[in-house]
Amino acid sequence: MKTATLPSLRVEPQLRDAAQSVLQEGETLSGFIEASVRETIERRRTRAEFVARGLASREESQASGAYFAAGDVHAELGRMLTQARAKVQKRVQG
């Protein structure tokens with residue numbers, strides 16, 4: 001696969017020093033920057049997908065007229081979380 005380069009990036013010396021100070025053993029500054037760019041891309045894609053799902057859900061609710069009270073949703077999520085925690089705890093003890 002052919003490779004490409006990202007544009008050069010001028011930063012304040014303090015930012016470069018901060019980045020270098022958190023490098024893990026064997027990690028290069030270039031590798032750190034590449035990983036950071038990849039993570040940011042994924043985070044932005046995930047956020048865009050989340051917003052798209054929310055907008056689609058809003059449109060579906062508007063079309064159907066079916067809405068749920070926030071308190072009811074929170075209570076149901078709380079029950080689901082309690083059940084999931086109990087299941088995990090059972091596995092840990094089992």
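Biologist: Taking accessible areas from the Shrake-Rupley method with a 1.4 Å probe, where for residues only the protein chains shown count as cover, what does the accessible surface of the chain come to?

Modeller: The accessible surface is about 9100 Å², and 56% of that belongs to carbon and sulfur atoms. Please note that this is a predicted model, in which local features need pLDDT of at least 70 and side-chain atom pairs count only at pLDDT 80 or more, while totals for chains, interfaces and linings use all residues. Residues are numbered from 1 along each chain as its sequence is written, and side-chain values use heavy atoms, with hydrogens and water left out.

Biologist: How much of the chain is buried?

Modeller: Buried residues account for 3% of the 94 residues. Here, buried means under 20% relative accessible area, exposed means over 50%, and partly exposed lies in between, with a 1.4 Å probe and protein chains only.

Biologist: Which secondary structure elements does the chain have?

Modeller: There are 3 helices and 0 strands, in the order α-α-α along the sequence. The radius of gyration is 22 Å, well over the 12 Å that the globule rule gives for 94 residues, so the chain is more spread out than a compact globule. Helices (H or I, at least four residues) and strands (E, at least two) are DSSP runs numbered from the N terminus. The radius is taken over C-alpha atoms, and the globule rule is 2.2 Å times the number of residues to the power 0.38.

Biologist: And what box do the C-alpha atoms fill?

Modeller: Along the principal axes, the box is roughly 50 × 45 × 35 Å.

Biologist: Turning to charges, how many salt bridges are there?

Modeller: The count is 2, where a salt bridge is a side-chain nitrogen of Lys or Arg within 4 Å of a carboxyl oxygen of Asp or Glu. R38 pairs with E34, with 2.7 Å between the closest N and O atoms. R79 pairs with E76, at 2.8 Å between the closest N and O atoms.

Biologist: Where do R38 and E34 sit relative to each other?

Modeller: They are 4 residues apart in helix α2 (residues 29–64), about one helical turn. R38 is exposed at 56% relative accessible area, whereas E34 is partly exposed at 40%.

Biologist: In which helix are R79 and E76?

Modeller: Both lie in helix α3 (residues 70–93), 3 residues apart, about one turn of the helix. R79 is partly exposed at 47%, and E76 is partly exposed at 36%.

Biologist: Which residues make the nonpolar surface patch?

Modeller: L6, I33, V37 and I41 make a patch of about 320 Å². Patches consist of residues with over 30% relative accessible area and no salt bridge; like charges are joined within 9 Å, and nonpolar side chains (Val, Leu, Ile, Met, Phe, Trp, Tyr) within 5 Å. L6 belongs to the segment before α1 (13–21) and is exposed at 56%.

Biologist: What about P7: buried or exposed?

Modeller: P7 is exposed, at 70% relative accessible area, and is also in the segment before α1. P7 and F32 are 25 residues apart in sequence, and their C-alpha atoms are 15 Å apart.

Notes
Areas by Shrake-Rupley, 256 points an atom, 1.4 Å probe, with all protein chains shown as cover.
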